[in-house]
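Colleague: Please bring up the model, and then we can go through some local features in turn.

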Amino acid sequence: MEFRTYLRHFDYALLASVAGLVAYGSLIIYSATHSDPNLPSPFYYMRVQLIAALIGSVFLMLLAFMDFRGLRNYRQHIYLGIIGLMLLLFVIGAEAKGSTRWIPLGFFNLQPSELAKIGMIVVLAAWLADRPRGELETQTTLTTLGIAAVPAFLVFIQPDFGTALVLGAITLALLFLYGTRWLHFGIIAASVTGALFMIIKVLPMIGIQVLKPYQIDRLLVFMNPEHDPGGVGYHLLQSKIAIGSGMMAGKGLYEGTQTQLNFLPEHHTDFVFSVLGEELGFVGVSVLLTLYILVIWRGLRIAIISESLFGSLIAGGIVSMLLFQVFVNIGMTIGIMPITGIPLPFVSYGGSSMVVNLMAIGLLESIHVRSKLIGDRRYMRAQDAA
């Protein structure tokens with residue numbers, strides 16, 4: 001009885017949209033990688049991606065059937081767990097391309113910064129939901145920023161500037177949904193602008209370099225797209241050529257010249273959107289964006305109908321996380337955002353990212369089911385009888 005009731009209240013439109021994104025992304029990953037002669041199989045990357053999706057689906061269902069309200073009691077454990085994993089990373093983490101982001105588990109490389117995204121949404125939502133609105137507003141804002149700053153700093157020094165930005169976007173979105181005063185946002189914006197000016201302009205003049213050389217190069221390319229087209233500007237230039245050449249219907253799957261001839265770097269991870277644009281054109285891009293719009297719409301709907309502030313903040317935080325990543329990833333492939341290495345949710349190749357994003361959908365489903373159960377008379381009668 002209860003199991004069927006739970007299933008009846010699932011948001012199947014959300015699940016179908018996410019399944020469509022996973023399937024679509026796997027197809028594009030296969031197209032981008034199947035001709036690589038160094039792979040043991042043409043299906044290698046697609047198979048790993050689908051295994052990650054299967055593992056993520058198990059977590060999705062576990063979280064969907066779990067009562068999300070119980071997480072509120074474990075916010076301190078979750079927060080300490082995030083910090084612990086981040087510190088462990090600097091002891092046993094595996095280094096790749098100048099960054100230490102993964103903990104090798106043998107069968108799987110765990111990326112703690114991905115777990116930090118969903119973990120911090122729960123931690124900050126629980127913290128804010130316990131603070132009465134209109135009381136001690138400045139203290140609440142400062143403490144929220146302080147809680148978020150520790151994991152964001154540990155992510156930044158890996159270095160992983162993109163994920164640190166995502167954590168910042170999640171924090172600001174939750175403060176906005178909580179109802180923080182606009183004056184506080186103005187002070188935060190001024191502080192961030194001043195800090196960036198110090199990091200980029202002032203500190204290098206006295207010999208203190210906070211950003212890595214490649215991060216400075218990415219900012220230079222963003223400010224001037226023609227900067228060093230054969231070097232640091234190569235990624236963006238090839239991405240623009242690929243997307244622009246796709247035109248209305250694209251060149252066809254497995255037919256993209258920039259992709260198949262390996263002119264386009266990172267074509268199955270950060271620049272997977274460029275592959276889609278080249279091979280399936282405007283029509284293929286429109287399908288992808290429609291699926292994302294459906295996911296965002298269902299997520300916002302869940303945030304609105306949630307019966308508790310805690311549920312609304314979690315749902316809003318998840319929506320902001322997904323929306324920010326989609327905007328920045330697509331934006332960097334067309335040159336309106338700096339290249340930051342943020343993956344395209346459910347589409348870019350990456351096990352940790354896939355699992356965490358599906359866990360986020362599981363939390364949305366849990367909030368949706370509990371909100372619907374409140375209005376389910378049969379369920380309420382069964383509860384009273386019990």
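Modeller: A term comes first: patches are made of residues with over 30% relative accessible area and no salt bridge, with like charges joined within 9 Å and nonpolar side chains (Val, Leu, Ile, Met, Phe, Trp, Tyr) within 5 Å. A salt bridge is a side-chain nitrogen of Lys or Arg within 4 Å of a carboxyl oxygen of Asp or Glu. Accessible areas come from the Shrake-Rupley method with a 1.4 Å probe, and for residues only the protein chains shown count as cover. This is a predicted model, in which local features need pLDDT of at least 70 and side-chain atom pairs count only at pLDDT 80 or more, while totals for chains, interfaces and linings use all residues. Residues are numbered from 1 along each chain as its sequence is written, and side-chain values use heavy atoms, with hydrogens and water left out.

Colleague: What accessible area do I51, I55, V58, F59 and L62 have together?

Modeller: L62 lies in helix α3 (residues 44-65); helices (H or I, at least four residues) and strands (E, at least two) are DSSP runs, numbered from the N terminus. L62 has a relative accessible area of 57% and is therefore exposed (buried means under 20%, exposed over 50%, partly exposed in between, with a 1.4 Å probe and protein chains only). With I51, I55, V58 and F59, L62 forms a nonpolar surface patch of about 450 Å².

Colleague: Which residues of α4 are buried?

Modeller: Helix α4 covers residues 75-92, and its face turned away from the buried side carries the exposed residues Q76, H77, L80 and V91. The cover over the buried residues includes β2 (99-104), α5 (112-129) and α6 (137-156), where contact means heavy atoms within 4.5 Å. The buried residues are Y79, I82, I83, M86 and L89.

Colleague: Which residues is T33 in contact with, leaving aside its neighbours within four places in sequence?

Modeller: T33 is found in helix α2 (residues 12-33). T33 counts as buried, because its relative accessibility is 2%. Beyond those neighbours, its contacts are L39, Y45, H267 and H268.

Methods: Expected span 1.5 Å × (residues − 1).
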